[in-house]
Amino acid sequence: MSALLEVAGLEVAYGHIEAVRGISFEVHAGEIRTLVGANGAGKSTTLLALSGLVRARAGSIRFDGEELLRLKSHQIVDRGLVQVAEGRAILTTLSVKENLELGAYRRQDRIGIASDLEKVLTLFPLLHERIDTMAGNLSGGEQQMLAIGRALLARPRLLLLDEPSMGLAPLVVQGIFRTLGEINHDGLTIFLVEQNVRQALKIAQYGYVLETGRIVLADSGRRLLDEPKVLEAYLGG
Amino acid sequence: MLEQQLINALSLGSVYALFALGFTLVFGVLGVINLSHGTVFMLGAYAALQAVTRLNLPLSAALLVAFVFSGALGLAIDVLVLRPLRQRQAPHLIPMIATIGIAIFFNSATQGLFGAENLRFPSGLVPDQQLIWGDIQISVLEAGIVIFSFSLMAAMLMVMKKTQLGRALRAIAESPKAAALLGINVEGLFMLTSFIAAALGGIGGVLIALYSNAVFPLMGQPMLHKGIAVIILGGMGDIRGALVGGLFLGFAEVLAVAYIGSTMRDAIAFGLLFVVLLLRPQGLFGKVLERKA
């Protein structure tokens, strides 16, 4: 199987601080892949570079064969690479409905949008109940559902998620991960960045461990869960 | 003659609202207090004056000239000055100070080119008829100003509330980063906003120049101060706030002149503003909200 996303030698620096130091990884169509690591390892920076919000200093990001490195954020969304950012990036002063409508910002196909909206509201019935609520009044878990639902409305070919578990209660996290599993089962490719290493490796077919800007381990999710170094560093021994 | 005063206040307030609309739009979307807005307003009046006196264009065409000229200037200010500052992530005060520089530059250049004296639009450009309705008189110009400002505000509110463009602008106002991740072309909408805001400022400049029968290089400065007061009163970045704030200031000034005396005009108007802000520091429509990264 050829890779949907191929990242090679990616380097990102903020001034003199090298956040990402030449990492290479790929994501194949249909799978869930994860990039795990501690706070400050460079996970979010990697995702921001994929979405064109920070400029890479070197390397290449090929999506379905096309180089994304010089594209603008909105052009990357057009290609089908859609990100749910860290902290959910919900627009708190807009209603749930307006947030969802903006998910489809780049699309013109009214009928397709309407049917996708229906699907998202079936997937997250809680959002349906609160459709006219200001998004800022939603709970953290509901906001995460909204963020994912909004991204789905862009009709992504690859969904990037930055720490969907952040700040959520364990039960809520489980619910979110179950939903991600379902969405993937329906055919959507997912690249998940997580600090919640156990949950992420359980759901992902394949994972990478990032430490201070470098990938130090790469293996199937199951094997990484049994890896002594991972156990010791991330799963409390 | 209260009715007549109310009519005067309505037309003056409409001009303030029109000026404040562009001002508040730029603040809301770009997060910049654009202190060159008064200058763009003044240059709109000069552009229209040139169109009328040199090219013999009718008023409608002159308004269009002002719209395009001021809009292009606003666009140029965004692309050449504000965007480089954004890309370097300059702190909030820096773009504001840069716009003071722009204002001083163009105010001086205008004075150098056209002199400091008052210029006037030729008489007869606007029919000087009065519309009479019982005891109330309103000039064609005043009626035009009120109708134009109100319909523009209504259109703008509709766009912001009901359209995908409006939602995108509100998204940028809350978080440019979140907006970009949704596929919104943030830089493109910054440019559009800068153009529209400045173009409306230019139209405002022509209208007030006709209303007060004077075009001069510093005509934008008092307007700028009032504009700042209006958007603070209305709530920074809020369109309804620009309308209500503009009308409030117009009414306060006209009624102060009518019942207290013209020397006290600004003292009364700004005193009232102060009282309102004591009671409601975030402004009439303002939300207590921090801008996110």
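Is N99(A) buried or exposed? I opened my notebook with that one, keeping in mind that this is a predicted model.

**Entry 1: N99(A)**

I found N99(A) in helix α3 of chain A. I counted 27 other C-beta atoms within 10 Å of N99(A), and 20 or more are enough for the label, so N99(A) is buried. Next I looked up its contacts, leaving aside neighbours within four places in sequence: N99(A) touches I90(A), L91(A), L94(A), A135(A), L146(A) and R150(A). I also checked a distance to M145(A), which is 46 residues apart from N99(A) along the chain; their C-alpha atoms are separated by 12 Å.

**Entry 2: T133(A)**

Where does T133(A) sit? I placed T133(A) in the loop between α5 (125-129) and α6 (140-152) of chain A. I noted 15 other C-beta atoms within 10 Å of T133(A), a count between 12 and 20, so T133(A) is partly exposed. Setting aside neighbours within four places in sequence, I listed S95(A), V96(A) and L138(A) as the contacts of T133(A). I then looked at E101(A), 32 residues apart from T133(A) along the chain, and read 14 Å between the two C-alpha atoms.

**Entry 3: where the chains meet**

I turned to the interface and found 20 residues of chain A in contact with 17 residues of chain B. On the chain A side, the elements giving two or more residues are α2 (73-79) and α3 (96-103). I sorted that side of chain A by class and got nine nonpolar, seven polar and four charged residues.

**Entry 4: α3(A) against α6(B)**

How do the axes of α3(A) and α6(B) cross? I read roughly 105°, with the axes coming within 10 Å. The angle falls in the range from 65 to 115 degrees, so I wrote down α3(A) as roughly perpendicular to α6(B). From α3(A), the contact is made by E98(A), E101(A) and L102(A), and from α6(B) by Q164(B), R167(B), A168(B) and A171(B). By class, I have three nonpolar, one polar and three charged residues in this contact.

I stayed with α6(B), residues 164-174, and saw a helix that is mostly covered, with eight of its eleven residues buried. The buried ones are R167(B), A168(B), L169(B), R170(B), A171(B), I172(B), A173(B) and E174(B). I asked what they pack against, and the list takes in both chains: α3 of chain A, together with α1 (2-30), α5 (140-162), α7 (176-181) and α8 (186-212) of chain B.

**Entry 5: the nonpolar core**

I looked up the largest nonpolar core and found 166 residues in it. Those with the most contacts inside this core are L160(A), A48(B), A66(B), A171(B) and V206(B). The element giving the most to the core is α1(B), with 17 residues. I followed up A48(B): not counting residues up to four places away in sequence, A48(B) touches A62(B), L63(B), V65(B), A66(B) and V206(B).

**Entry 6: α10(B) and α11(B)**

My last stop was a helix pair in chain B, α10 (residues 239-259) and α11 (residues 265-279), whose axes come within 8 Å and cross at roughly 140°. By class, I have seven nonpolar, no polar and two charged residues in the contact of α10(B) with α11(B).

Methods. Residues are numbered from 1 along each chain as its sequence is written. Chains are lettered from A and ligands numbered from 1 in the order in which they are written. This is a predicted model: local features need pLDDT of at least 70, side-chain atom pairs count only at pLDDT 80 or more; totals for chains, interfaces and linings use all residues. Two residues are in contact if their C-beta atoms, placed from the backbone, lie within 7 Å. Helices (H or I, at least four residues) and strands (E, at least two) are DSSP runs, numbered from the N terminus. Ala, Val, Leu, Ile, Met, Phe, Trp, Tyr, Cys and Pro count as nonpolar, Asp, Glu, Lys and Arg as charged, and the others, Gly among them, as polar. A nonpolar core is a set of buried Ala, Val, Leu, Ile, Met, Phe, Trp, Tyr and Cys residues joined through C-beta atoms within 7 Å. Axes are lines fitted to C-alpha atoms, for helices over the stretch in contact, and angles run from 0 to 180 degrees between N-to-C directions. Angles under 35 degrees count as roughly parallel, over 145 as roughly antiparallel, 65 to 115 as roughly perpendicular and the rest as oblique.
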